[in-house]
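Hello,

Here is the structure I said I would pass on. Please open it first, then read my notes below.

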Amino acid sequence: MQIFSRSLNKLPQVVGAAATLGLVGVTFLIWYYFSPWFTQVGYSPKQPVPYSHRLHAGELGLDCRYCHVNVERAPMAMVPPTETCMNCHQLVKTDSAMLQPIRDSWASGKPMEWVRIHKLPDYVYFDHSVHVTAGVGCIECHGRIDKMEQVRMEKPLSMGWCLDCHRDVKEKQGDSEHIRPVAQITNMEWKHEGKVDPPRRLDPPENCWGCHR
Amino acid sequence: MSKRAPNPARPAAIDAAPEFPKGHVDTPPSEEALLLSRRGLLGAMAATFAVVGAEGCRRPIEKIVPYTKMPEDVIPGVPSHYATVMQRRGDAIGLVVESHEGRPTKIEGNEAHPSSLGAVDLIGQASILELYDPDRSTTPRKGGAPASWDDFEHELGAKLGTFDKDQGAKLRVLMPPSISPTVLRMRDALAQRFPKARVHTWSAVADSNARMGAKAALGEPLNTLYAYEKARVILALDSDFLQTESGSVRANKALAAGRRLRSAKDAMSRLYVVEPARTATGDTADHRLRLAAGDIAGYAFALAGELAKSGVAIDAQGSAAKAAASAKVPPKWLTAVAKDLAQNRGHAIVMVGSRQPPEVHALAHAIHAALGSVGTVVNYAAVADPAELDVATDLKALTDAIAAKQVETLVILGGNPVYDAPADLAFPEKLASVPLSVHASLSFDETSEKCSWHVPRAHEYESWGDAQALDGTVSVQQPLIAPLYDGRSDIELLAFMAGPRAPQKAPLDAVRATAQALILAGHGLSGCAPFDERGDAECKDATGNPAGAHEYELDRDWNRALAMGVVHRPQGPKAASLVPNGVAQAIDARKVGPKGSGAFEVTFAPCPKMVDGRYANNTWLLELPDGATKLVWDNAALLSPESAKQLGVEKGDFVKIAAGDRSVTAAVWVVPGQADGSIALTLGWGRKKAGRVGNDHGFDAYPLRATDALGFVSGVTVTKTGDEQYFFAQTQEHSSSENRPIAHQATLAEYRVKPNFAELDGPPPRALPLWSQADYGEAPVKDAHAPSGHQWGMTVDLNACTGCNACVIACMAENNVPVVGKREVWRGREMHWLRIDRYYADRAEFGASADDPAVINEPVMCVHCEEAPCENVCPVNATTHGPEGLNEMAYNRCIGTRYCANNCPYKVRRFNYLNWHNDAVFKDTGGLPETLQMQQNPNVTVRFRGVMEKCSYCVQRIQSSKIKAKRELRELKDGEIRTACQQTCPADAIVFGDVNSESSAVTRLTRLDRRFGLLAELGTRPRTTYLGKVRNTNPEMA
């Protein structure tokens, strides 16, 4: 007597197909969550004013810290207040239509609303100052800002990407290609050639509470 | 899935219209194209799916909103700290408030202020939540209906205008006792405009008895300052000077300093406490006598007689002998205590609590004079307001005037007299008969409801003011934030009422003028003319000669005063001596309180949490376990086991307590250590109009309180009602450690013989460490495996801890710890990262018995085991061991198995069964109010449902200090990182630091002979080390 019905003959094929599909699905999910698609590399939203880093930081050669003043002393580099724009644009391009929102903000006191590009999750407590004073240049995380007409996200800013650098620096100290002299942190053209003397012993955390708390 | 408080500089996600970035999706084909072919249709479908997919995966678009014009000195992400001051009963506590981009979040003590010395009590810590109370009043109200400030000013101004004719004979003002020089100046200005108007003073919790006692003994009401650190013997008569009395923060600091043991050779002071109900002071005592409040005066008088026998001749000896009654006191409490006091002449203190009548306070002054303690351990200072004497008499004068129809307008500035006035005055009914009554208060409360006008009052943290501490130090109260709800301060309201007579209108100008006079006086200048255009002014110096003053110097001193938090320090203590025969007269003229026919007495004490009811809507305080009972969200009628047996009641039963025609029904809680025949009821509970969470918790004691029995009432009758038992929730149901070695203690004599009693009393290790580990308790750390770098550790000195609970609230404020509500606490789901365990010991050596146990308090938080049982069982590595010895918790990895909590022998791990912030006490009112979100610390993740959490040794403080040191290219200094509990501890019981450094304070303490590791026999190797408690018992008391 037949214990199993005939229809079950197809079971191995069904199981096989499901397993294959499942495997493909899992592979896809892993591929997706590690891909730049998920980490939004290349994200480049339109800003209320088409501020050009290529022009200001590249061509005109403004230092990053002219606007991002707190980068060496605070967790946040800080997007500058309208006041900083008006320092120059009271005199330069005073009738540019593109700058109208800036002038409106200055006149009304209503702040500008820029779109955040480099966003870390809220449970990550990233601190700009500790990186910059260790000799990690702006370019390490933000790329060639001086060549960007519209800022785009250049690096994945994922935990694995952070740790790659932390581990490399911990092991190689000043030999790590991520470390440069503190005086060169905003220099976009600087090239790592030979050992750099870091300002202090570099001990980037690799434990959870180094960044999450 | 965690989220943080909205931060103005890093705003929470603002959901804008979904926008997909260029380069990800092609522009969809036009409509005509779609209709063209099947191919086009398929393409359109694919594009649609791509759009849907892109939208679904897209993270919300977040905006960065910078300032338009950057305020000076603000660095987004870096908190600022401002010095200010808060009034606590008769004392002012100097504070330093942490502010994130203009949003005050955390209160700390001001080290430069003599009443704080860097510490704050639990009320100070919780006061930040009062500022953000979502139920604060937002608008003036006339008869309950919203009105405008203009309407109010118009109506009151017109009414006051009619009073100018008769000099304000029908105007009365009622306010709590003030210690603000500027408020008192404005009050004087009001008196200038209306000489016949009267300002009455009332507060349910005041120092009237102490003031009247000082006036009788010394001729004027003076503050008494005690130098506990220099005292050798302290006798506290019904005085909870470590928790609820004025000046408790400094008292904790000083007492702990006088009892600090660094080796078995050190000396420590001895503390005797005589009290009816358990308090933090009684729990700290070396010898404690439970005695009904009504018998304490008799004991004091008998003790005075006993002192005479020891050769200490007290003024008023005869009167004391007549009044003495000592039948209920064990004889050694007279002979041995008197002998101890007499043997420590010049270093003995006798404290009397504010509940005891004035003549007992007067007697204490006489005892101090006779013992030669004045000038050494007892000093005097002038009070801020000498006119404030007895608040009950003052309030009675007001109600009598209302009854006699002499009051047309009554302005009540602060306080809540409808709720807390003595029942015999029938204040609510009388208030209703006043034609125009105004109540300025933080919220629309019981009193506001009964007044014709209510106006919102500005909080201490949002208005200018000043305050004078017990010792005479004056500090400026700086606003930390603009008034959230359009409230106005007492100074503004009094200035408005004083009209043209007000010396300044704006509160800042008024406070500045007060400070300037003090600053000039500090330079020896007085009688200054106004500054001229060049900033010069003509003053007189101490000898009366003309002297110049310059405005810029004053500005400099003012700015320095604001930064330091201290404007003026007194030159030294005020000299005072006994008025001849004053004490004797006070004793002879004493009024014995009313005594009914019943067998019980009821004592009223300010609740350590609610104070007089002011903090009833404060969720942190509501959920704080009471020090004596560990009850949360309630008070109870506390009975001794003997009294409970006598009445035939048990925990939860209702009793009706009646004194004459006044009565209260309350549920019973049985507490060992309570005096037999005495029932303790704390004030401040049972509010009806406190706010969305504060109503109807506990039992209101005020209906039982009368003007002649504010402290306690004797002869009350107590009957069991037979109602269904009340539901109480407690955080610690077990009181005995069942002889398990958890909290070690010994007498001083035992300690001297066996200095390392705490380790020796513990059991031998039951499990050996899995691998070789450094022992930070041994010097020096020799182990080859000893890790390098910082190794964080902590010590908790049980000899200093009084169980005051300030650390518990400090931890909640710093770490965004949620409140879960009474029922969830009852289920054992409270979230406190730091709890205070209390254990009873009935060892005869401590003079204790089962009904009157010796109490030991033990703060317990995560001890950061080097071999942590929690880490081994986590299936997802959410809790791991950091390189600096911290047991780390990654919330985002946690999947909520709760294995770690089950495997933790200390039970310090807390699980978010729900999204507590929104779904617990605020569930029915729309979640955590926005204002309370403003309090949250932006540097700590707000945990969501389903994750485990626990003490982190305040890792956010460790990290920010480490980053600061790295930025400045230097090593961390010892003491630079202080945990929230350590920083606020008024007794300096908690010390945190690097146990791998030979020079750190924590290393020295870790190696003290009294050290022990909590449950160290399990092989967990805790990083937190406890130091055993030592009781300085008197051999003659045995």
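Start with B:Glu275: its bridge partner in S12(B) is B:Arg290. Keep in mind that this is a predicted model. Strand S11 (residues 270-275) of chain B pairs with S12(B) in the parallel sense, over four bridges.

These strands belong to an open sheet of four strands. The order is S12-S11-S10-S13 (chain B), and the pairing is parallel. Strand S12 (287-290) and strand S13 (348-352) of chain B stand at the edges. Each has a single partner strand, so one side of each is left without a neighbour in the sheet. On average, neighbouring strands of this sheet are turned by 10° against each other, direction ignored.

Two helices come next. Helix H11 (residues 332-343) of chain B lies across S10, S11, S12 and S13 of chain B. H11 runs at about 135° to S10(B), which spans 233-237. Helix H12 (residues 358-371) of chain B also packs on the sheet, where it touches S10 and S13 of chain B. The direction of H12 makes about 175° with that of S13(B).

Now the contact between the chains. Chain B gives 42 residues and chain A gives 39 residues. On the chain B side, strand S1 (63-64) and helix H31 (955-967) are the elements that give two or more residues. H31(B) has the largest share, six residues. By class, the side of chain B that touches chain A has 19 nonpolar, twelve polar and eleven charged residues.

Strand S1 (residues 114-115) of chain A and S1(B) are antiparallel, over two bridges. There, A:Val115 stands opposite B:Lys63.

Best wishes

Note on methods. Residues numbered from 1 in each chain as written. Chains lettered and ligands numbered in written order. Predicted model: local features only at pLDDT ≥ 70, side-chain atom pairs only at ≥ 80, totals over all residues. Contact = placed C-beta atoms within 7 Å. Nonpolar A, V, L, I, M, F, W, Y, C, P; charged D, E, K, R; others polar. Pairing = 2+ DSSP bridges. Axes fitted to C-alpha atoms, helices over the stretch in contact; angles between N-to-C directions.
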